[in-house]
Amino acid sequence: MSEEQRGDGDRDRVIAGNWKMHHGPAQGQAFVEALPEPPEGVRVLLFPPAVTLPALHASVRSSGLPIGLGIQNLHHEVSGAFTGEVSAEQAAEAGAECALVGHSERRQLFGETLDETARKVGAAYRAGLTPVLCVGETLAERSQGRLEEVLDRQLDAVFSPPTLREQSRELEVLVAYEPVWAIGTGQTATPDDADEAHRFIRARLGELLGEAHARRISILYGGSVKPANASELLAVPDVDGVLVGGASLDPRSFAAIAASE
Ligand code: PEP
């Protein structure tokens, strides 16, 4: 659906699972077989390892489950001598409809720069993928009172360049707020923390892309989300969904999160 066709009240509730480097093709297929039908009105996305994507795509199609698939990372070029990399076009051909961009593990462990995140978002648009831009501060940045400065920098890198700004107004983009200190640590941001950051992100998106457009962008929260804390986070007005790492590996806990009130 183009962004023009979407109204303000149409923000999707998105429950996304980032499998990171877990679940090869056989485990991916077993996951789909064990996953119950997601509740009406919930958009479920799974981000498997790249090698699992084609098998998962085939199982999702044969199961008939309404699940969208995405790639965890991509290279900004269409093709070329970039050993070990996957392009947005190749991911789309393998069944992806979305792409995670700028996950904190990419930024921190693989040195992904702000410039690269911008190029990757452009590549996702070029291939018809929906980018899911991940932003968030480290514990040190948070304790130095730099939350807003960090989020600003990460959002500006992608949404300020004129071409990307235009494309981001026309094409679908999702944003995931993932405080780095809450990822894989068991430490979750409180609903108040999430509220503060999500409001800030929405306001900044409003300045960059226009308020009407910013109101239509789904902003997900990520960081140690589990069945026990998903409801309170999803109750925060600007939290439109969750991006789940560890708890998305088990079909029962992922389904329980998807079924959260
Ligand atoms: C993630 O990897 O995006 C994530 C939020 O991980 P976890 O849920 O394990 O903290």
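At 15% relative accessibility, His23 counts as buried (under 20% relative accessible area; exposed is over 50%, partly exposed in between; 1.4 Å probe, protein chains only). This is a predicted model, in which local features need pLDDT of at least 70, side-chain atom pairs count only at pLDDT 80 or more, and totals for chains, interfaces and linings use all residues. Residues are numbered from 1 along each chain as its sequence is written, and side-chain values use heavy atoms, with hydrogens and water left out.

**View 1. The loop between S1 and H1 holds Lys20 and His23.** Strand S1 covers residues 13–18, and helix H1 covers 25–34. Helices (H or I, at least four residues) and strands (E, at least two) are DSSP runs, numbered from the N terminus. Most residues other than glycine have a negative phi. Lys20 has a positive phi of about 50 degrees. For His23, phi is also positive, at about 70 degrees.

**View 2. The ligand sits among 15 residues.** Near means that a heavy atom of the residue lies within 4 Å of the molecule. Lys20, Glu178, Gly184, Ser224 and Gly245 come nearest. The shell divides into 5 nonpolar, 8 polar and 2 charged residues. Here Ala, Val, Leu, Ile, Met, Phe, Trp, Tyr, Cys and Pro count as nonpolar, Asp, Glu, Lys and Arg as charged, and the others, Gly among them, as polar.

View 3. The protein covers 95% of the 300 Å² of accessible area that the ligand has on its own (Shrake-Rupley method, 1.4 Å probe).

**View 4. Strand S8 is covered on both faces.** S8 spans residues 241–244. Gly241 and Leu243 are buried on one side, Val242 and Val244 on the other. In a regular strand the side chains alternate between the two faces of the sheet.

**View 5. S8 pairs with S1 and with S7.** Strands pair if DSSP finds at least two bridges between them. S1 and S8 are parallel, with 4 bridges. Val14 has Gly241 as its bridge partner. S7 (residues 219–222) also runs parallel to S8, joined by 3 bridges. Gly222 stands opposite Leu243.
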